[in-house]
Structures are given as structure tokens and as C-alpha cells.
Amino acid sequence: MFLDPWLPDFSFLFLSILVEGAPFILLGTIISGFIDVYLPSGAIDRLLPRNRGLAVLMSGLLGIIFPVCECAVVPVIRRLVKKGLPPACAITYMLAAPIVNPVTFLSTYSAFKKIPLEMAGSRLLFGYVIAVIVGLILLKVGVGRILKPRLVEELKEVESSHDHHHDRGDNFVEKNNRLIMALRAAMRDFVDVGIYFVIGITIVAIVNTPPPVDQQTIPLRDYIDGTAESIWGAPAALMGLSFLLSLCSTSDAFIAATLDTFSIGPRLAFLVFGPMMDVKLLFLYSTILSRKFILILAAGLFIGIGALSVLLEPVFEGFERNKPPPFAQTAQD
Amino acid sequence: MTKATFNQIISSLATISWGVVPVYLYTKGLIGEYLSESFHLIALSGGLAMIVLGLFNLLHAGREVGCGHDHSHEHDHGHDHDHSHDHDHSHDHGHSHDHDHSHDHHEQNPVAAICLMIIPVILCTGFTKHEYSKEALRWKGLYKQRTLKSLYSTYNTEFTRELLEKRTPKTSEGNFLLQLTELYWSAGDEKIMKIYDGLPAQLEGRLIEEEPTLNPDNNRKRLYRVVMTCCAADAQVLGVPLEFSASLPAIADKTWITAKGKVAFELIDGQHFAYLRDCEVEATEAPETQNKKRP
């Protein structure tokens, strides 16, 4: 039968990605719900430096204080933007937080046993620099060209209402109602984001399921291994792989560690590009950003990260040169 | 029932349906097939939280609580944008007013929530067999040999037979309890292969038929394990051939077994493969955590 075993395999993969990612989305949307109800508009903006450049630099470090992976960060950012966080700062945080956070640092440190500090540190720095560069560029771009039109409209409404603000006070609604409102907002966001997440993971599951008609089709991984010696092809291929695999940033380093036919530059490109842009994120970002901007962002990240990984390859190569030769066994389990 | 209440109910059901899946997989002992061990508790707690969130909102679906957040609003004009919020606000904050306030947060419509959240989860839960098919196992690398040069570079001391014997437990019969992954990755490095070659070993994994082109004498089966980092989508399937001097065992494919034999290596098309020769196998229980956390 045409759909057997394709459909069971697809369903198996679909559910595996769903149960892995959904708890993180839930975490993000619960934070988002509470931000919606309890955080006054503009509060975040007031916490950041007035100088926009400094604000972007600081936004790139917020993941250290609020460590969230890429699935959780999207609903949080969506709400923070509505609360007045400048889009340049929001996107800097969005891109940096899945990498510049202690959980990702530790997992990268654990995965690369030979050069742990070098890889974890390089990844963190690489991710931070890319996120800040994007943020600084976005300071020069109008909000209307970044955010999706509906969000821009909502922002305008909030801004116009500020012009004739009146203080409602904390007693405006009962406190228990606020909890209901927060959880209601959280669920709304969860469903909003969940719909886009499903589209993303459907594509990821299809890519990872053997095609139903030609069982001899070569898996993506085998094509990618063939590019390991190419200066430009290797980072491009690994960024493509990270895009399609849509791994969680907290554990993708363990995959990167197995890609050791590749040099360090392409593997860092894999570790930086994946948490910033992958198939499921493409759809999650659609809840905040305009489609045109997402495409430009994806292309810019692909080119920027790829180019930087190639340019810095001589530096990365030095990491391994300074280490003793191999031949020692690792314990499994 | 208002449209907002209806949306609320559908969203609640969608959230609950997503929460039920990980809780069901966990309670049935199937979560290990889907996720690496480090994600099991996250999935369970996330699933429970989704159910609680969904139920909470379902119970309060009809309750009017306002839209909640701190957007101060004009009260001397009606908002007339097209995404209407169909509840009135009459707030007692000094100047009650009743206006058509409309900040709509219900971007999703109920049809999208049903079609994209509830139905796919129900269908996939019905269709999944909680494991890869034979075709998928093959596609994921069951009959391939990969090399991992950095595997042997994680210890600062040189790897020797003495070190191997010192750190590897033995069975009462004197077989070394090797991990299948350990043996798999040993192929490809001549120095390491010499250390393992001829070692009496016992492995655990699942049995499957050997690829016919790799089994001309029809005396082989293959032992495999699924190695995942995050979830089944990123899994690699690692397999090691088992060669039998007697007849092939009559054990069904995908059965968990222990295999005893001697480690050997062979060169096929310029690539080294590890295998176990003179094998004896017996069926065993599936281990509690069948998938290794890390390759």
C-alpha cells in the first residue's frame, strides 16, 4: 500500500518533534500570558539604555538572565513587542537568546569533549555578534518593514491610547480575574504559535521520512557528508541541514559533534544558524514578522554566518592544532 | 454561546489534545521511543501543564474578565477597527463607560485550530507504530558504516587493551559487556581495531535480517540500536552484523536480544566494518531506556 509504511513513519516522527517542542512553546506562551497582563506597556523599554545601540548590545545578552530556547522565545518576543520593546532589540534577543544562554553553553561544552571551552565560547560569541549585527542594522529599518502588518496596527493602537492615558489602577479588575486573563492569553498565544509550529514540523517530518515510492533515495545526510571538503559548500550544507532538522538549541551540539568529517567553521555555522533560522522557526516567526522580512533575514543570516565561518576558519583550526593527538576511547553510557 | 466563548472552547480542546499525547506516551512507557531520556520529564510536565491550562480555560470559557492587559484606552470614542472583540467593557474606575472596544487577540480561527492542531494529533496518534519501519531503519543507516574520528580523542591517556579491560565489565562467562555503539564506532581506525579484534563480547540490541548483498552465505543477521540526540527525527540507526557458525536463529525481527561472540573486522569496498563472529543469541527484555542519549 502506498501509505504503508510511510504514514506510520511520518506519524512517528511528527509526534516525536511535537512532544519535544510543545513543552517549550508552552513555557514561552505562559511567560507571554503573564507579561500581557502584569507587565505595563513600555516597562521593558524603560529598563533598556536610552541609547539604541547600547540597548541592542544589551538585548543580545538577555538570554543569560532569561534563558529560553528558540521555540519558547518567539511568543515571549511577540508579547514584548506589543508591550513596547523596540523591534531591533526584540529581534536581537530573539536571535541571541537560544545561543547566548547558560544551558546551550553547557550542552555545547559537554558535546565537544576535545575542545569544549573553545567550541562553547566560539558559539556563544559567534551567535552574539551575528544577533547584534542584525539588531544594529534593524535600527535603521522602519517597524512597518519588519513586523507583520497586523502587529504594526496593534502597536499603533497602543501608542495612540498612550496619548490620552488614564491610570486605571490595580483595582481595575479583580486580582483573580487577572490570573484567568493571563492564562487565557497564554492559551491564545499557545494556539496561535501551535498552528504555525504544526506546519513547520510537518515539513521537518516529511523531510526525515523515507519517501514512499523510491526506497533507494539517498538520505540528506549522505549528500551533505560529500561536501565536507568544500570551503563554501561545507558551511552551506551544514546550515541547510540545521535548517531542515530543526533541532533544539539546547541539544543540537551533540549532533554537531558527530559531524566530524567537517572542520570547525562549518560546524559552528550549523550551531549558530540552526537556532536562528529553521523550518519550524520560519513558521513561528510568521506570528511576528512580515513574510518579506523573514525571507530577507533568512538570506542575510545564511550569507553572514556562512561568510564569517569561512573567514574565521584559520582561527578555528588553531583550536585543534593545540590539542594532543587522539586515540583514547570514550565510554558509552 | 458567543463566538469568543466558542473560540475559547476550541482552543482549550486543542491545548488539551496536545497535552494528552506526551502524558499518554509516558504512562504507556513509549516515550523512550520518541525522545532521548533528557527530554522525558520535560515532555511529561509539559503535557500535564497543557492539560491543566486547557482545562482551566475550558472551565472559565464563558467568564467575562476583560481582555486584561494594560492598554489604556480612549473612552470617548468607539473603536471601529475590523477585528472586533465581542464583549463590552463596563469598568468601575471612576467613569464607567460602555464601548465597543476591539483589540482582537484571537488571530486563529477555530477551524484552523481544529484542522491544524486537533486532527493531526489524533490521526498521527492513530497511525504511529511507535517505532521505525524496516524501510525507515534502512534509510536511517542500518546497513551503513560511518566513521567518527573524534570518538577516540576524548581521553587524554592513550587507549590500550589494558584500559579497555580495566573499565569494561565482564559476564560470568568472561565476555566483555560492550555497547553496540562502542563496537560500531571502533571500525575504521586500525589501532583501535587491533585492540578490539578477537575480544569475547556480549552485546545487546534488536535483531533484524541482514542486507542480502552483505550476506552471500546466508549466515548473518544484524544487531541494531537507534541512537537519538533529541527525538526520533534526528535518530541514527547503528547496526553490527552477527555471523553464526550454526543455523540462523528463529527469532522475529526487531526482538531485543543479547548476542555473544568474538569481535572481528572486515573490509568491504575499502571500508572497515565491525561484526561479531561465532554468535549465540537469546531473546531478552527491552531495556528500560533503549535509546542511548548520546552517540
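These legends describe close-up views of a predicted model. Residues are numbered from 1 along each chain as its sequence is written, with chains lettered from A in the order in which they are written. Local features need pLDDT of at least 70, side-chain atom pairs count only at pLDDT 80 or more, and totals for chains use all residues.

**View 1. Chain B as a whole.** Chain B holds eight helices and eight strands, taken as DSSP runs (helices H or I, at least four residues; strands E, at least two) and numbered from the N terminus. Of its 295 residues, 56% are buried (under 20% relative accessible area, 1.4 Å probe, protein chains only).

**View 2. Helix α4 of chain B.** This helix covers residues 110-127 and has 18 residues. From first C-alpha to last it reaches 24 Å, close to the 26 Å expected at 1.5 Å a residue (1.5 Å times one less than the number of residues). α4(B) bends by about 30° at Ile119(B) (the angle between axes fitted to the seven residues ending there and the seven starting there). Pro120(B) follows within four residues of the bend. Among the buried residues of α4(B) are Pro120(B), Met117(B), Ile118(B) and Val121(B).

**View 3. Helices α13 and α15 of chain A.** The axes of α13(A) (residues 233-245) and α15(A) (residues 264-276) come within 8 Å and cross at roughly 35° (lines fitted to C-alpha atoms over the stretch in contact; angles from 0 to 180 degrees between N-to-C directions). Residues in contact (heavy atoms within 4.5 Å) include Leu238(A) and Phe243(A) of α13(A), and Phe270(A) and Phe273(A) of α15(A).

Key. Side-chain values use heavy atoms; hydrogens and water are left out. Buried means under 20% relative accessible area, exposed over 50%, partly exposed in between (1.4 Å probe, protein chains only).
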